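Please keep the sequence and the structure in view while going through them.

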Amino acid sequence: MTMSTTFPARSLGSAASAAAAPVVPAHSRLRPLGLHEVRITGGFWGERQRINAAHTLGHVLGRLESEGWLPNFDRAAAGTLPAGRRGREFSDSEVYKYLEAAAWEIGRSDDAQLEATLRSVVARVAAAQESDGYLNTRFGRPGQQPRWSDLEWGHELYCLGHLFQAAVARERTRPGADDGLLGIARRAADLVCEVFGPGGIPAVCGHPEVETALAELARVTGDERYRAQAELFIERRGHETLRDIEFGRTYFQDDVPVRDADALAGHAVRANYLAAGAVDVAVDAGDDELLGALRGQWARTRGRRTYITGGQGSHHQDEAFGDDWELPPDRAYSETCAGIASIMFSWRLLLAEGDAAYADLIERTLYNVVATSPAADGRSFFYANTLHQRVPGVEADPDGTSPRASSSLRAPWFEVSCCPPNVARTLASLDAYVATADGDGVQLHQYAPAEIRTVLPDGRVVSLDVGTAYPADGLVRVVVAEDAGGAWTLSLRVPEWAEGARLRVRDAAGTVLDDDAVSLGRAEVRRDFRAGEVVELELPMAPRLVAPDPRIDAVRGCVAVERGPEVLALESTDLPGGADVGRAAIADDAEPVERDGRVWLRVGLRPDESDGWPYGDPHGHGAVAADTGELVPLVAYHDWANRGPSTMRVWLPVE
């Protein structure tokens, strides 16, 4: 069968070949479609991928050079460390995340200049690797701490995990590349198995990450030692192999075995990375007990410990989850990396079980955490993502480095700069999170203009072109590009907020064959599709008020506004005279309206009283009457702070 495609020349993904994707389970209900099978062609995410490729990757590499984190490898190769080493103990990992992002971007675009850059960086990394495979610029040399001497804080295994994931990305997008990256990773992984395997050091890394990386390295190489080591790390976790610290062992997830936990707890990035790796282990080992435990942890975490944005982590001091319902908007830490790690966890469960709820949380987190972090030009970032900014932020020095993760405006770089390269690798690989396949057809999970070309297990080719302006509007048009030769099923996710969605099927002439309301979750069409036929999903996009569970004390009596997958925010920039959003409230009968491409809400302002005792008559603090205030435009939360310093809030008091 002849195929029509605009993809760069390469082999077509099939049911029998590994996808060019971050996650390729040995066994799963759904098979991920990788970069060779799905191409985002424009729209909301296509524009962000363009900026990522054109600006963010170069910005990250420039900072890795200027901050000295990449030159650390040169010093290691020259034997001059520890003199001149710069950056925190985990700075090596940012180089590896850059390599992973570059590998995915090369897989998308065949960028020859980026290919040369990647090879140059790999060569510098290779030169620093020791003869037994050890690779770290912070430990192990004369004048440095010994290897593996600080498993609580040293991040040696964490850094290697990101190295392994970079090698996986490279091998899946350019199998057999002669740059040496996979060999570097395998030598280091062999050492990890030797040092931490049965009879070795009976401990784990203070920052989980190596677990999921070893699982994927096993999948890409076929070496079962790596999977076994990942499983061993998962089983050791929670048995107090790490020293206690002021935050407690919960911070490291080393207080309760993974199988016994009922929710994610402790440092939010660590917790999600660990859970993602545990799903990998459970799926490949056929461990239904472990998978069931993780399913329960995901459900409770989503239901009780996740912000409306999809963000996770409500403690600043330890970047950690709070207790159930502890979700203060003004103290939301909601680290960008925690959002990315949450997507990793949800995606693995989606592949394993197929439940649309996992894709719903991924969508929420993508639009309201991942898309929020980078500025419009892709050169500055939020590390933490508050839901209520009480004081106008301070413009960051474009040439400086922020010493604080919770900077008040997007900053070009941080002393702990895990988020920028994490955003870069996520956007570069985002095509692989759009769709999956199974024995009966194709499933769409995220909506963007895209081309999909894949092969079902029986050899039939499925060719689809997706057209949509989502989330600007709710119409998703899926055009069948060519006959597949027999009936198959197209499945489209109906988001949890999309009550009233409709599904239409048109023939090649445009005649409507079916037009039905569909339930939340999944809408399926099974037929012998012909070239030119169209399936249309119409999602209701009217703005809506959302109330919190009353057990979330911090926002009781407030509402938020959503439109489609986007959370909206009130920014002082749009209030009369730039008034502080802390004065804002809405009447209990206020309703959002949409006009001129924006969502508007009637907002009243309390008197600006700054003195006096702040407690007393419950009706005496300037309640807002229903007929007061004026219509004010709201901003998509991911776009806030793009117009200079401001105050902002997502949850609005109702009076």
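1. Two strands are said to pair if DSSP finds at least two bridges between them. The model discussed here is a predicted one. In it, strand β8 (residues 475-480) and strand β13 (residues 534-538) pair in the antiparallel sense, over 5 bridges. As an example from this pair, Val478 has Val535 in β13 as its bridge partner.

2. To which sheet do β8 and β13 belong? They are part of an open sheet of 7 strands, whose order is β2-β6-β7-β8-β13-β10-β11 and whose pairing is antiparallel. Its edge strands, β2 (38-40) and β11 (512-517), each pair on one side only. On average, neighbouring strands of this sheet are turned by 15 degrees against each other, with direction ignored. In general, the strands of a sheet pair through backbone hydrogen bonds.

3. A pair of helices also deserves attention. The axes of helix α2 (residues 71-78) and helix α4 (residues 112-128) cross at roughly 40 degrees and come within 7 Å. Helix α2 is therefore oblique to α4. The crossing in which α2 passes α4 is left-handed.

4. Which residues meet where α2 and α4 are in contact? From α2 come Pro71, Phe73, Asp74, Ala76 and Ala77, and these meet Arg124, Val125, Ala127 and Ala128 in α4. Sorted by class, the contact of α2 with α4 has 7 nonpolar and 2 charged residues, and no polar ones.

Key
Residues numbered from 1 in each chain as written. Predicted model: local features only at pLDDT ≥ 70, side-chain atom pairs only at ≥ 80, totals over all residues. Heavy atoms only, no water. Helix = DSSP H or I, 4+ residues; strand = E, 2+ residues; numbered from the N terminus. Axes fitted to C-alpha atoms, helices over the stretch in contact; angles between N-to-C directions. Parallel < 35°, antiparallel > 145°, perpendicular 65-115°, else oblique. Left-handed = near helix turned anticlockwise from the far one by under 90°. Contact = heavy atoms within 4.5 Å. Nonpolar A, V, L, I, M, F, W, Y, C, P; charged D, E, K, R; others polar.
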